[in-house]
Amino acid sequence: MSIYDQLVHSFYKGLVHTVMLPLRNQAFESTRKAKISDTEKEALGSGSVGFEQEILGGHPDWRKLMDMPPPELSESERMFLDGPVEQLCAMLNDWEIRSELKDLPPDAWAFMKEHGFFGMIIPTEYGGLGFSARAHSEVVLKLASRCTTACVTAMVPNSLGPAELLIRYGTDAQKNYYLPRLAKGLEIPSFALTEPDAGSDAGSMTSKGVVCERDGKLGILLTWDKRYITLSPITTLLGIAFKLHDPEGLLGDKKDLGITLALIPAETPGVHIGRRHNPLGIPFMNGPTSGENVWIPVEQIIGGKEYAGQGWRMLMECLSVGRCISLPALSVGSAKLIARMTGAYSRVRKQFKVSISQFEGVEEMLARIAGMTYMMDAARIATLQMLDRGEHPTILSAILKYHMTECGRKIVNDGMDILGGKAICEGPGNLISPLYHGIPIGITVEGANILTRNMIIFGQGSVRSHPYLLQEIEAARLENKDEARRKFSDLMARHVRHS
């Protein structure tokens, strides 16, 4: 060994003993003692990790993305887009809906129910349309370009709601009874999660249920206070998230079971639907709901007794699918509409005897609108590829929701600047006004963007997508401390080499 090699060897040996070993021991003890709540554990373990691991790992293999087959629409899906979707759009006058009716017209409600708009994700064996993620997204996108109210009304029952949860976790009895009714529009579903003191931190909810017996039948005495619940003012079937307690051990040994999901018919005694909200003048149905000591049979737990306490994991897995479809499709539909209207307007609007489309400042905005719209649509389709292959990308869905709505905000603002006076005066010819009012709603719902970015994309994302971080956390918390230290040390050594 040369003198140089000896020096290098001695240097690294000293570095390991003086720096790495103390750091490793400190990291092990800190990780082992760190408190991780049950909701945090379930969030970290929910969904699947795919191409986002490539992105957050810093060296994406773009061939993996390019090799995915493009999601294709079936013949029945194309016929639905060319038929009922076009027919519904022709029935909708957005200005009339916003300024006069404050709701969809009755014939539009009847048409949506009759043609299965509320059952797009429900399998055909239950009377639904059984659409792919791509078809679901295309319907939302098209409706977004015509009427935000109709778009939200159609997308919510097919996003986070009883149908998605029932399909994945429901008992056979629950599926056989509720899914056909949801598919035909006989039930109008809503799902209540947000509370006055529990928004993005849904795990801090105070709604609670207590397992008890009544007339020899096992049930739950449920109290809740929810707000900002879409479709709540007209719901017939209410999904509720609450914390379940079993003080008498009627379901097992555990007293505090955790977050649980249940279905409650709106006509159940004690269910209260509050005064309707007004979300920035976009008149989709939204409002609060509450109940005090409402008794429901234990069979109303989604998935039955076996899924008591499993609600947070169920929500995390279902939310990821909704985040990939609803708001991204709405954002792309809005962006495409703005691209079309600003492109046309800037050609016919003249100032100084020149079309404003020839002004460099307007050209810059038009280019930005076109480029961002193309990028958004590409991201939407790429993610739909993953969904239709059976993935449930928790992190990627958060990335998509965040950037789609933020890009949508930039595009709307550019559109407002190009259209000028046409954009700021309300009337039937102002097509951008509802999009301008609606974009803050998209940024706020399904996880506010500020916290989505901090907690899911960078927090959960960095842990789930890193090759060693999650394994290190799990290793450090093994019951046998010697085994935990050995596994943690091995993983940390690989982590350092990886870095």
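**View 1. Thr148 counts as buried because its relative accessibility is 10%.** Buried here means under 20% relative accessible area, using a 1.4 Å probe and protein chains only. You'll find Thr148 in helix H9, residues 148-158; helices are DSSP runs of H or I with at least four residues, numbered from the N terminus. Skip its neighbours within four places in sequence, and Thr148 is in contact with Asp94, Ile282 and Leu435, where contact is heavy atoms within 4.5 Å. A quick note on the model: it's predicted, so local features need pLDDT of at least 70 and side-chain atom pairs pLDDT 80 or more, while totals for chains, interfaces and linings use all residues. Residues are numbered from 1 along each chain as its sequence is written, and side-chain values use heavy atoms, leaving out hydrogens and water.

**View 2. Here helix H10 (residues 162-169) meets helix H12 (residues 311-348).** Their axes come within 10 Å and cross at roughly 115 degrees; axes are lines fitted to C-alpha atoms over the stretch in contact, with angles from 0 to 180 degrees between N-to-C directions. From H10, Glu164, Leu165, Arg168 and Tyr169 touch Arg313, Met314, Glu317, Cys318 and Val321 of H12. By class, that's five nonpolar, no polar and four charged residues.

**View 3. Now for the lining of the second largest pocket, made of 27 residues.** Nearest the pocket's centre sit Lys142, Ser145, Arg146, Cys147 and Leu337. Lining residues have an atom within 4 Å of a point on a 1 Å grid; a pocket is an open set of points where a 1.4 Å probe fits, with protein on both sides within 12 Å along at least five of seven lines. Helices H5 (75-91) and H6 (94-101) are among the elements giving two or more residues to this lining.

Note on methods
Buried < 20%, exposed > 50% of the residue type's maximum accessible area, 1.4 Å probe, protein only. Nonpolar A, V, L, I, M, F, W, Y, C, P; charged D, E, K, R; others polar.
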